[in-house]
Amino acid sequence: MKDSVAAHYTHGQLLDRILSGVQAIGKTPDTVTVDELAPVDEFHIGGRQASEDFISQLELSADDHTLDIGCGIGGTSRFVASRFGCRVTGIDLTPEFVATGQSLCEWVGLSGQIELHQGDATAMPFADESFDAAFMLHVGMNIPDKSGLFAEAYRLLKPGALFGVYDVMQTSDEALTYPVPWSSVPGTSALATQGQYTEALEQAGFDIVRTRDRREFAAAFFEETRQRMEKAGGAPPLGVHIAMGESAPVKISNMVENIAAGRVAPVEIIATK
Ligand SMILES: C[S@@+](CC[C@H](N)C(=O)[O-])C[C@H]1O[C@@H](n2cnc3c(N)ncnc32)[C@H](O)[C@@H]1O
């Protein structure tokens, strides 16, 4: 499954496409900012706003070393490093995403604060109790072994550390319409219910601090995005559609439909070790 998941996300020309978008907004790799990259590099429902709402619950400070599990091209890592001043280590399965993310960190001058590694979230090459906080945005939908994933997060965190999960979770038994942004076919999707997530987290040793259903936030975000695109006459030069490739419009419309039909919803879970 891992190879198929990485193949699903592999674009082929992602950095070039982002560079074209950056040039289209009148910027260069030397002048573009973390905030200007946010529309293209925060690959989850609600983009930067969702990251702000979610990450603000992790009580981060400048001395923290944080872990971004399934970091993608590192948008949330750069947001956390620039907003809170902390060190960030990210890990992601898809080699092209990691390489693209490393280039984007260089563009915005954050390579000294952020390290991005290629690897599997269920077997991470880091020492026990080496992180002060960890977060994971829209990653568990591709990982069937939630117990292995959360056992790894638990091993890597210091006692008392917070762990945030923001994933799309299953909310009915009705089949999804594919493709969706995280999977083109049912075989690479590993959805679970909120109950299954909290059970796997608790089995790993975590205590649940709070949970929040983001369905209404998502619906408002999709509506705002639709209105903005209608007004602008199309997609912006920098947007998450770039990472999703040619089939972005159908993946996005299926996700909106699946959420509206009550089959899935984005949910936050904050847990502590
Ligand atoms: C929808 S993207 C989200 C990326 C990033 N968290 C963000 O919000 O911008 C899902 C990411 O999970 C990564 N992923 C999927 N399975 C993984 C695994 N077993 N280990 C590490 N990363 C994985 C994919 O490569 C992809 O980059």
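Hi everyone. Let me begin with a term: I call a residue buried if 20 or more other C-beta atoms lie within 10 Å of its own. By that count, buried residues make up 46% of the 273 residues in this protein. Please keep in mind that we are looking at a predicted model.

Now, the overall picture. The secondary structure comes to 11 helices and 7 strands. The radius of gyration is 17 Å, close to the 19 Å from the globule rule for 273 residues, so the protein is as compact as a globular protein of that length.

On the α3 side, the contact is made by Val 34, Leu 37, Ala 38 and Asp 41, while α5 brings Gly 75, Arg 78, Phe 79 and Ser 82. Sorted by class, that contact of α3 with α5 has 4 nonpolar, 2 polar and 2 charged residues.

The other pair is α7, residues 146–156, and α8, residues 194–204. Here the axes come within 8 Å and the crossing angle is roughly 45 degrees, which makes α7 oblique to α8. The crossing of α7 and α8 is right-handed. From α7 you can pick out Lys 146, Ser 147, Phe 150, Ala 151 and Tyr 154, and they meet Gln 196, Tyr 197, Ala 200, Leu 201, Gln 203 and Ala 204 of α8. By class, the contact of α7 with α8 has 7 nonpolar, 3 polar and 1 charged residues.

Next, a residue in a strand: Gln 170, which belongs to β5, residues 157–170. Is Gln 170 buried or exposed? Gln 170 is buried, because 22 other C-beta atoms lie within 10 Å. Leaving aside residues up to four places away in sequence, Gln 170 touches Leu 191, Ala 192, Thr 193 and Val 264. For a sense of distance, Gln 170 and Ala 6 are 164 residues apart in sequence and 22 Å apart in space, C-alpha to C-alpha.

Finally, some backbone details. Most residues other than glycine have a negative phi, and most peptide bonds are trans. Glu 129, in the loop between β3 (114–118) and β4 (131–137), is not a glycine, and its phi is positive, near 50 degrees. Glu 129 is partly exposed, with 14 other C-beta atoms within 10 Å. His 138 also has a positive phi, of about 55 degrees, although it is not a glycine. You'll find His 138 in the loop between β4 and α7, and it is buried, since 22 other C-beta atoms lie within 10 Å.

And where is the cis peptide bond? Look between Tyr 178 and Pro 179, where omega is about 0 degrees. Pro 179 lies in the loop between β5 and α8.

Notes
Residues are numbered from 1 along each chain as its sequence is written. This is a predicted model: local features need pLDDT of at least 70, side-chain atom pairs count only at pLDDT 80 or more; totals for chains, interfaces and linings use all residues. Two residues are in contact if their C-beta atoms, placed from the backbone, lie within 7 Å. Helices (H or I, at least four residues) and strands (E, at least two) are DSSP runs, numbered from the N terminus. Ala, Val, Leu, Ile, Met, Phe, Trp, Tyr, Cys and Pro count as nonpolar, Asp, Glu, Lys and Arg as charged, and the others, Gly among them, as polar. The radius of gyration is taken over C-alpha atoms; the globule rule is 2.2 Å times the number of residues to the power 0.38. A residue is buried if 20 or more other C-beta atoms lie within 10 Å of its own, exposed if 12 or fewer, and partly exposed in between; C-beta atoms are placed from the backbone. Axes are lines fitted to C-alpha atoms, for helices over the stretch in contact, and angles run from 0 to 180 degrees between N-to-C directions. Angles under 35 degrees count as roughly parallel, over 145 as roughly antiparallel, 65 to 115 as roughly perpendicular and the rest as oblique. A crossing is left-handed if the near helix is turned anticlockwise from the far one by less than a right angle, and right-handed if clockwise.
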